[in-house]
Amino acid sequence: MSIHLEAKKGDIAETVLLPGDPMRAKWIAETFLKDYVCYNEIRGMLGYTGLYNGKQVSVQGTGMGIPSTLIYCHELINEYGVKNLIRVGSAGSYQKQIKIRDIIIAMAASSTSGINNSRFINADYSPTANFELFMKAALYAKKNNIPIKAGNVLSADEFYEDDFESYKKWAKFGVLCVEMETAGLYTIAAKFNVNALSILTISDSLVSKKSMTAKDRESSFNPMIKIALSTL
């Protein structure tokens, strides 16, 4: 048991899917896993372990933003021996050609967070995906005719920014979309020499101003989850 997770040693698999929303963790377990059990309810941040195609996998809610995500990732890695961390989340499109329901695999993560400023003073650290997980996900998507886009994403600290048009600066330099966790995930994975990948479904667009309903989000996330589970 760790501070924020009540699981015992062995209760959590080496591969963990990480949705921000704990209710999405519950939905993933109920929809995709067999013989699943709930190992965590502390702070309502639900965690489950079950079987997918006979292989053990866990799914753990992380909450929103880098600070919350890092708490769970740190404990999963250091207290439970997790080796593969795969974020499955939503994102907002920065590009005209990236539409609602499109799937993005984050090759790298820019950030407005100060997470690495104290580590790399007067320098910029570039958090990136694990190549093997990235290739497994990309090849599965290609084999199963699931369109994906891959590239740089932005992990932002603020959901409601003062300057709504500020996204255009990032878009100009090829950033595909915005979310709130990937840069932290990739950084902590590098620090502890484990594997990380972030797979995102576009739920809204800053360009077209369109967005999914809550019900749409649930039904539209199936392809993303299947890609993540393919890494097993």
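**Close-ups of a predicted model**

**View 1. Helix α5 and its buried residues.** T182, A183, G184, L185, Y186, T187, I188 and A189 are the buried residues of α5, where buried means under 20% relative accessible area with a 1.4 Å probe and protein chains only. Helices here are DSSP runs of H or I with at least four residues, strands are runs of E with at least two, and both are numbered from the N terminus.

Residues are numbered from 1 along each chain as its sequence is written, and side-chain values use heavy atoms, leaving out hydrogens and water.

**View 2. D163 in its loop.** Look for D163 between β7 (148–155) and α4 (167–172), in the loop that links them. Its relative accessible area is 44%, which makes D163 partly exposed (that is, between the buried limit of under 20% and the exposed limit of over 50%).

**View 3. The whole chain, for context.** Stepping back, the protein chain has seven helices and nine strands. Its C-alpha atoms fill a box of roughly 45 × 40 × 30 Å along the principal axes. Of the 232 residues, 53% are buried.

Conventions. Predicted model: local features only at pLDDT ≥ 70, side-chain atom pairs only at ≥ 80, totals over all residues.
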